Amino acid sequence: MKKTKPIHIIQVLLLVLCMPATVWAQQATASLNGVVMAPDGETLPGVNVVLKELNKGTTTNIEGEFELSAVPEGLYSLLISCIGFKSHEQAVQLKAGQTLKLSLLLKEESYLINDVVVSGKSATRRIIEQAYQVASVSTKELFNSTADAKAVMNRIPGVRIQEEGGLGSDFSFTLNGFSGDQVKFFMDGIPMDNFGAMKLGDMPVNMIERIDVYKGVVPVWLGTDALGGAVNIVTNRKEKYLDASYSFRSFNTHRASVNGAYTNNKTGFTVRGNLFYNYSDNNYKVWARIVENNTVVDTAWVRRFHDRYRSASVKLESGYINKPFADNLLVGVMLSTNDKQVQHGATMNTVYGGIMRNSKSLVPTMKYNKKNLLTDGLDVSLFSAFNLSESQVIDTLSGVRYNWLGEKTILTSGDGQPSTDGEFYRTFTTLDEQELSSQLNLSYAISTKSSLALNYAFNHFHRKAFDTEHPDDVDNRFPKSLRKQVLGLALKFDPDRRWSTTVFGKMYHIKAKTSKEFDFALETQRIEEVLNTQLNFGYGLASTWFVVPELQLKLSYEHTSRMPTPEEIFGDGLFVGANPDLGPEQSHNFNLGAEYRFKLNNTHQFALGGSFIYRDAKDLIYTVVTVSSPKTYYDNLSKTRVMGFEGNFIYRWHEIAHVGANVTFQDITDRAKLVYNESYTGTGWQQNFHYGFRLPNKPYLFANFNAGLNFADITCPGSSLSFNYYLNFVEQYFLTWAELGSGNSKYVIPRQVSHDVELSYSWKKGKYNISGECSNLFDAKLYDKYYLQKPGRAFSIKLRYTI
């Protein structure tokens, strides 16, 4: 017994000593977080960050951020590695309760893998190498250009932007045959549907870091019901900067912007904002028919006289970054306003001199994201916004009609008295709209080779209309509302560094309340409230394989749906009519692409790419246009097929010269042999006379070419001189269905060829900049959407200051 007693005492002592040690060890931990960047300041996603002694690590997210939590205090070796960059190792001392923040820089490295040179990749390059068919354009070289976001995208393969006129005009964004709301727009992954009066064409290129265009298949994390693709505009995310610019252009066009951010590195408090203003008279010349007393008396070059546009937007955000409770927690507000004189409707046949449109909006926002929330590998992001907007349509100029010379004709009613009708439809309609949007993204790293992502997007839209000219309008008594939900789930699997595959599924739900007219021209004619509810499902996959680091193959497929938007169902109160029966559109999207990039003597850089596209769409939502009417509306086209090809080529010599070109061919045809027709003369299935013909008002063949020179230290150290040339080509296409009319009676939008040149000079390492541009150099007669004429030759100059 004497021998066993000490043993029991020792056991008890050990137990007592170990218990507080265990508790102390659980509490005496630290956290390590930070950001990894490339030499040019771009953040690096997918970087491996490992504490060697613990064999514990993580990878940086898309913002280049990482976090390691619950690390026992001590001295460690931190290893940071990424293909294309030199590995970096440094010692870190962690103390109990400490949160250590690091800013790490990786240097580029070129080395051989299977006799192939691999070098560091920019953020744009990494986006392009995703499994999705995506084009990414960095705006870094365009900051001195007078271009806006719209002009930059118009140079991307597969993209065609059809404009209705000059600055502030409506436009249609076409991507591989799909257009309008079939392609969704995002800013930093946030839907732009609820950005109110802020327009894409208003955004200066200086606030944008890059533009990513997803073609056909859309990633789950964007949380949308896009049919033909999506565009994500990534804004400048530097923590401290200031960029101010002003440009003056022909037709009395002025554009100014101020963009900046400030961050306190110790507290993590940050403030960032964007301010821009746009103004233009848009008084360029057009070739138009002169009408007197409903008779065409002449055709002449005349100036647009009622097309002024002005807009202003402020976007402010403030909050905290890189804190234990959040990587980003930002609250913000967007204020936007614009007003535009309306020169004509959907076509140039009818001219207006008094119609106005204006809108203003207030949009509070909230952003939150946290990497490794509660457990390693769980990333969460949440965005919410509430859009309060008011827009007006004003047509109160009575009893007059204008022609393209600006001459007024006084109209009389049947009894010889002055007419009280407006130019189009006498109205002073105010649309009060509210829109709540929220988007939640969850992703979890199951292992180093697989991850799971969940997205839920909710949107609720409500419109109330009142017309002071028609206060008893029955249709305005019915509020319009639309609720949309999108749920997506994706599994990503990377067997090795050369192969990546993502499979996903999506659910789409919409519920719209509106009104509809029944029994037109009958004694029982009436307007009643109607409910439109739709539920659809989608699925797909995206896969990529690097045969060698130089050669990448891509394959993607998606069966998707796109729900109608408020404007498509409710109209816009003026030139777009309502269609409460509009249904969702569906499509099978298939992409097969390849890209080959290589260098010669480390001096000449080449890139060759191409992709085949196939779209089989059902109930496609399209714009119905008639040449004789200024009004349009949306309808479903039972079956449509898109087959096409796009290719691109890029060559660079050092950092001095570059040449690039891309071409797109897309055959968009009506494939429905029978259509259902409902009319007084006969209802039922009838032969579709459009079968096999291309859809009208959609370009089918277009191309871009660009070339540029850049000379560094041309006059003094830190200076640069750049010259760029752009050529845009669009083959002629039909405004209406090709089988209608014959010979010269067919409405054809002619072949378009335009040339733009830019010259810019900067000094003090880009602190001071001045540039000049001439667009449409040879003053070509350019037409676009609905045979509407675009501006002729225009000159501009831009001044820019940045720190």
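A residue is taken as buried when its relative accessible area is under 20%. K370 has a relative accessibility of 4%, so K370 counts as buried in this predicted model.

K370 belongs to strand β25, which covers residues 356–370. Its side chain makes a polar contact, at 2.2 Å, with the side chain of E67. Apart from neighbours within four places in sequence, the residues in contact with K370 include E67 itself, the run K323, P324, F325, A326 and D327, and also L378, D379 and V380.

N282 sits in the loop between β20 (269–280) and β21 (285–292). Its relative accessibility is 3%, and N282 therefore counts as buried, given that the limit is under 20%. The side chain of N282 reaches two backbone oxygens: that of L167 at 2.9 Å and that of D307 at 3.1 Å. With residues up to four places away in sequence left out, N282 touches G166, L167, F251, R304, D307, Y309 and K340.

F612 gives a picture of another kind. This phenylalanine is found in strand β37, residues 604–624, and is partly exposed because its relative accessible area is 32%, which lies between the limits of 20% and 50%. F612 and L592 are separated by 20 residues in sequence, and their C-alpha atoms are 5.2 Å apart in space. L592 is also one of the contacts of F612 beyond four places in sequence, together with F590, N591, M643 and G644.

Turning to the chain as a whole, the secondary structure comes to 4 helices and 48 strands. The chain has 803 residues, and buried residues make up 50% of them. Among contacts between residues at least 6 apart in sequence, 65% join residues at least 24 apart. The accessible surface comes to about 37200 Å², and 59% of that area belongs to carbon and sulfur atoms.

Several strand pairings can be followed in detail. An open sheet of 5 strands has the order β10-β16-β17-β14-β15, with mixed pairing. Its edge strands, each pairing on one side only, are β10 (134–138) and β15 (190–191). Within this sheet, strands β16 (residues 208–215) and β17 (residues 229–235) run antiparallel and are joined by 7 bridges. I208 stands opposite T235 in β17.

Elsewhere, strand β29 (residues 427–445) pairs with strand β26 (residues 378–395) through 18 bridges, and the two run antiparallel. In this pairing F383 stands opposite Q439 in β29. Strand β29 is also joined by 17 bridges to strand β30 (residues 450–467), again in an antiparallel arrangement. L436 stands opposite H460 in β30, and a hairpin of 4 residues connects β29 to β30. As a reminder for reading these pairs, side chains in a regular strand alternate between the two faces of the sheet.

In soluble globular proteins, nonpolar side chains tend to be buried together. Here the largest nonpolar core holds 45 residues, among which M153, F173, M203 and V231 touch the most other members. Strand β37 supplies the largest share of this core, with 5 residues. A second, separate core has 22 residues, including V36, V49, L94 and L102. As for M153, its contacts beyond four places in sequence are V159, I161, F173, F185, L200, I211 and V231.

Finally, what does a search for disulfides find in the whole structure? The search returns 0 disulfides.

How values were computed: Residues numbered from 1 in each chain as written. Predicted model: local features only at pLDDT ≥ 70, side-chain atom pairs only at ≥ 80, totals over all residues. Heavy atoms only, no water. Buried < 20%, exposed > 50% of the residue type's maximum accessible area, 1.4 Å probe, protein only. Polar contact = N/O pair within 3.5 Å; in protein donor to acceptor, adjacent residues only side chain to side chain. Contact = heavy atoms within 4.5 Å. Pairing = 2+ DSSP bridges. Areas by Shrake-Rupley, 256 points an atom, 1.4 Å probe, with all protein chains shown as cover. Disulfide = S-S within 2.5 Å. Core = buried A, V, L, I, M, F, W, Y, C linked by side-chain atoms within 4.5 Å.
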